[in-house]
Amino acid sequence: MNELKDFAALGFVLPSPAYIAGAILFGILGLAAFQRGRKTSRSALTWTGVALMVYPYGVPQTWLLWAIGLALSCWVYVKWN
């Protein structure tokens with residue numbers, strides 16, 4: 001257990017379960033949007049799928065991850081058909 005305290009002292013913290021669940025959920029949605037966009041030749045859907053898969057790597061806060069993910073998911077919903 002001291003290793004976790006040592007990492008925390010260096011500024012490294014483990015993400016919360018809500019963050020991990022959001023990253024997995026939005027990654028799967030992004031993969032589906034990417035595949036649909038490539039299949040139908042819709043660049044907006046393709047690039048939104050890429051954004052959904054990649055953005056969790058650059059967002060440190062859980063609330064921001066969910067806010068951006070929901071906004072991008074709504075955009076995918078609008079562009080799906």
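Visitor: Are Phe26 and Tyr55 buried or exposed?

Guide: The model is predicted, so local features need pLDDT of at least 70 and side-chain atom pairs count only at pLDDT 80 or more, while totals for chains, interfaces and linings use all residues. Residues are numbered from 1 along each chain as its sequence is written, and side-chain values use heavy atoms, with hydrogens and water left out. A residue is called buried under 20% relative accessible area, exposed over 50% and partly exposed in between, with a 1.4 Å probe and protein chains only. By this rule, Phe26 and Tyr55 are both buried.

Visitor: How many aromatic pairs does a search of the whole structure find?

Guide: Rings of Phe, Tyr and Trp (its six-membered ring) pair if their centres lie within 6.5 Å; planes under 30 degrees apart count as stacked, over 60 as edge-to-face and the rest as tilted. With this rule, the number of aromatic pairs found in the whole structure is two.

Visitor: Why is the pair of Phe26 and Tyr55 classed as it is?

Guide: A pair of aromatic rings is described by the distance of the centres and the angle of the planes. The ring centres of Phe26 and Tyr55 are 6.4 Å apart and the planes stand at 50°, so the class is tilted.

Visitor: Which class does the pair of Phe26 and Trp66 have?

Guide: The centres of these two rings are 5.2 Å apart. The angle between the planes is 70°, and the pair is edge-to-face.

Visitor: How many residues apart in sequence are the parts that Phe26 and Trp66 tie together?

Guide: Helices (H or I, at least four residues) and strands (E, at least two) are DSSP runs, numbered from the N terminus. Phe26 belongs to helix α2 and Trp66 to helix α4, so their pair ties together parts whose separation in sequence is 40 residues.

Visitor: What is the relative accessible area of Trp66?

Guide: Ring pairs link Trp66 into a cluster with Phe26 and Tyr55. Phe26 is buried, at 1%. Trp66 is partly exposed, and its relative accessible area is 29%.

Visitor: Which residue has a positive phi of about 60° although it is not a glycine?

Guide: Most residues other than glycine have a negative phi. The residue in question lies in the loop between α2 and α3, and it counts as exposed at 67% relative accessibility. The residue with this positive phi is Ser41.

Visitor: What is the count of buried residues in helix α1?

Guide: Helix α1 spans residues 2–9 and is hardly covered. Among its eight residues, the count of buried ones is zero.
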